[in-house]
Amino acid sequence: MKDAFGAPQSMLILGGTSEIALATARRLIARRTRTVWLAGRPSPALETAAADLRVLGVDVRTVAFDALDPDAHETALGKVFAEGDIDLVLLAFGVLGDQSRDENEPGSAVRVAQTNYTGAVSSGLVCARALQAQGHGSLVVLSSVAGERARRANFIYGSSKAGLDAFAQGLGDALHGTGVHVMVVRPGFVRTRMTTGLPEAPLATTPEAVATAIETGLRRRSETVWVPGALRLVMSALRHVPRAVFRRLPI
């Protein structure tokens, strides 16, 4: 297989300017990856990301992709798979939103849900079908620990990630035995542009640490990856805290 041992020759990043995704691409390029597709809305940032990866000596291509335009997903992503097999799809787009604003502006809350969940369902199914048709490949979905249990501070974002996480788990079950591997990645607080200015949570991590965990998970054919690993125990405990107590916790 082209993607044997968790070292894909080709990868498609949905959310081509994601710092986590680009850190993952750099790590995989250092091993074996030689073709990278960056899917995202056309922008100087997308072109800069492509140029930065080309310096590493790989073939980097861009494709116009908008999570909020599911009607165009099949055509846009179909062009990528028509060019040849894709060993790894990394679904890395998402928005954090602004909880206080979104609670008072339902349209803004809907945009968070449509980006993080609806857009992911649409593009995830398109890619899953293509991977299944070629008979191999991995689909890595960037979820979040925020989806494990809704918190007062970010329940709109958290609920969208909860939906995404459940979808990805179910898709993995549906594809079991087809040659397609689905891996859900649940990072905690990651120091990126998206979280700049926010209070840093305990066990905060970096895009590079998440990239390392993704590479390790691919090599092990893991189905779920927590970053950092200690969050698995933390969230297991928080999941069972009585609701009356949970809502009073300073989290």
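Modeller: The expected span of a helix is 1.5 Å times one less than its number of residues. Helices (H or I, at least four residues) and strands (E, at least two) are DSSP runs, numbered from the N terminus. This is a predicted model, in which local features need pLDDT of at least 70, side-chain atom pairs count only at pLDDT 80 or more, and totals for chains, interfaces and linings use all residues. Residues are numbered from 1 along each chain as its sequence is written, and side-chain values use heavy atoms, with hydrogens and water left out.

Helix α5 covers residues 106-134, and because its 29 residues at 1.5 Å each should span 42 Å, the 41 Å between its end C-alpha atoms agrees with expectation. Along its course α5 has a kink of about 40 degrees, centred on Gln114; the bend at a residue is the angle between axes fitted to the seven residues ending there and the seven starting there. After α5 comes Gly135, with a positive phi near 90 degrees.

Strand β5 takes up residues 137-142 and pairs in the parallel sense with strand β4, residues 88-91, over four bridges. Two strands count as paired if DSSP finds at least two bridges between them. Within this pairing, Leu90 has Val140 of β5 opposite to it. Both strands belong to an open sheet of seven, ordered β3-β2-β1-β4-β5-β6-β7 and paired in parallel. The edges are held by β3 (59-64) and β7 (224-227); each has a single partner strand, so one side of each lacks a neighbour in the sheet. From one strand to the next the twist averages 15 degrees, the axes being lines fitted to C-alpha atoms (for helices over the stretch in contact) and the angles running from 0 to 180 degrees between N-to-C directions.

Two loops complete the account. Most residues other than glycine have a negative phi, and most peptide bonds are trans. Leu203, in the loop between β6 and α7 (207-220), has a positive phi near 60 degrees although this residue is not glycine. In the loop between β7 and α8 (231-238) lies Pro228, which is joined to Val227 by a cis peptide bond with omega of about -10 degrees.
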